[in-house]
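Here are a few notes to go with your first look at this structure. Have the sequence and the 3D view open while you read.

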Amino acid sequence: MPKLSRLTLSLLGLSAIGLVACGPSEQDAADPLDAEMDQAADRPADFDDMDDVDTSDAYVFRCGAAQVAVRFQGVERMEMTVGDQVYTMFSVVSGSGAQFQSANDPNTVFWTEGDSAMLTLAGEDYPECTLVSEPEAVETGAVDTSAGTGDPYADASAGLGGSEWVVEDINGGGIIDSSRATLTFGPDGRVAGMASCNNYNASYEAGEGTLTVGPAAATRKMCAEALMNQETDFLNALEGISSWQITPEGALELSGDDVSIIARR
């Protein structure tokens with residue numbers, strides 16, 4: 001699973017990360033936030049105890065006595081569950097790591113860098129958070145389907161499904177030497193892998209030669225600028241894909257308007 005050096009995602013523009021350092025308890029309430037933030041509201045959860053919550057799609061932290069589940073929703077937004085409360089959080093300026101602030105309360109902040117995280121809830125600082133679990137790994141492998149259905153898993157050796165694809169070209173520009181970007185298309189409609197610096201996962205729908213990929217969620221680890229730029233290009237290209245094919249040489253070619261990805265097993 002993605003190492004929570006919390007990138008989020010690079011979807012990953014790093015525009016949310018600014019030049020002025022501020023820790024989780026130093027957030028300036030005057031920082032400008034997206035207009036959507038002004039309209040968002042923290043809401044009661046539909047459960048009474050975190051033990052009853054499905055956290056298979058979340059990063060779960062232990063911050064002292066508090067258990068925190070974090071679900072990233074793109075680069076700028078995340079949902080944070082603490083106890084029986086769900087908070088809508090938006091990315092704000094941070095000199096390092098990734099910092100998110102509650103839509104309703106500037107004194108409720110979640111900050112991550114590397115494997116570390118800090119929680120400030122209504123102005124109260126919690127002990128340093130420890131990562132307990134990450135989103136469950138996406139299952140891989142072929143689905144047993146009838147021939148002639150157009151299902152990309154009907155022939156795992158020639159279709160999208162099965163083992164990992166390793167990216168060798170993004171938008172015709174190749175990739176950085178020794179870098180790694182991968183795709184694994186699971187039978188559950190999720191594609192996941194390494195985006196260059198961070199792990200990612202996204203939903204996808206595939207047909208006979210057609211492919212659409214939803215917005216990716218990724219970890220928040222920081223790498224060299226060149227890798228972060230490549231990661232952004234890769235995830236943006238992935239979201240713009242509309243078709244796929246396997247070449248006679250066995251390469252996977254994904255393409256869309258002005259974007260392309262080539263990968264091999």
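1. A definition to start with: two strands count as paired if DSSP finds at least two bridges between them. That helps with Val 167, which stands opposite Ala 263 in strand 20. Keep in mind that you're looking at a predicted model.

2. Now the overall picture. The protein chain has 2 helices and 20 strands. Of its 265 residues, buried ones make up 47%. The accessible surface comes to about 12,200 Å², and carbon and sulfur atoms own 46% of that. Take the contacts with a separation of 6 or more: 56% of them are between residues 24 or more positions apart.

3. Strand 19 and strand 20 form a hairpin with 2 residues between them. In the turn, Asp 258 has a positive phi of about 65°.

4. Which residues make up the covered face of strand 20? They are Val 259, Ile 261 and Ala 263, while Ser 260, Ile 262 and Arg 264 sit on the uncovered one. As background, side chains in a regular strand alternate between the two faces of the sheet.

5. Next, the largest nonpolar core, which has 27 residues. Leu 183, Phe 185, Tyr 200, Leu 211, Phe 234 and Leu 254 have the most contacts inside it. Several elements each supply at least two residues, among them strand 12 (165-170), strand 15 (199-206), helix 2 (225-239), strand 19 (252-256) and strand 20 (259-264). Helix 2 gives the most to this core, with 4 residues. There is also a second, separate core of 20 residues, including Phe 61, Leu 119, Leu 121 and Cys 129.

6. While you're at helix 2, have a look at Gln 230, which is placed there. Is Gln 230 buried or exposed? Its relative accessible area is 7%, under the 20% cut-off, so Gln 230 counts as buried. Beyond its neighbours within four places in sequence, Gln 230 is in contact with Ile 170, Ile 175, Ile 176, Ser 179 and Ser 196.

7. How many aromatic pairs does a search of the whole structure find? The answer is 3. One of them is Phe 61 with Phe 110, an edge-to-face pair at 5.3 Å centre to centre with 65° between the planes. This pair links distant parts of the chain, with Phe 61 in strand 3 (residues 59-63) and Phe 110 in strand 8, 49 residues apart. Phe 61 is buried at 0% relative accessibility, and Phe 110 is buried at 1%.

8. Another aromatic pair is Tyr 200 with Phe 234: the ring centres are 5.6 Å apart and the planes are at 70°, so this pair is edge-to-face. It too links distant parts of the chain, as Tyr 200 is in strand 15 and Phe 234 in helix 2, 34 residues apart. Tyr 200 counts as buried at 2% relative accessibility, and Phe 234 is buried at 0%.

9. Last stop: Val 109, in strand 8 (residues 109-113). Val 109 has a relative accessible area of 1%, so this residue is buried. Val 92 is 17 residues from Val 109 in sequence, and their C-alpha atoms are 9.5 Å apart in space.

Definitions and conventions. Residues numbered from 1 in each chain as written. Predicted model: local features only at pLDDT ≥ 70, side-chain atom pairs only at ≥ 80, totals over all residues. Heavy atoms only, no water. Buried < 20%, exposed > 50% of the residue type's maximum accessible area, 1.4 Å probe, protein only. Core = buried A, V, L, I, M, F, W, Y, C linked by side-chain atoms within 4.5 Å. Contact = heavy atoms within 4.5 Å. Areas by Shrake-Rupley, 256 points an atom, 1.4 Å probe, with all protein chains shown as cover. Phe/Tyr/Trp six-rings, centres within 6.5 Å; stacked < 30°, edge-to-face > 60°.
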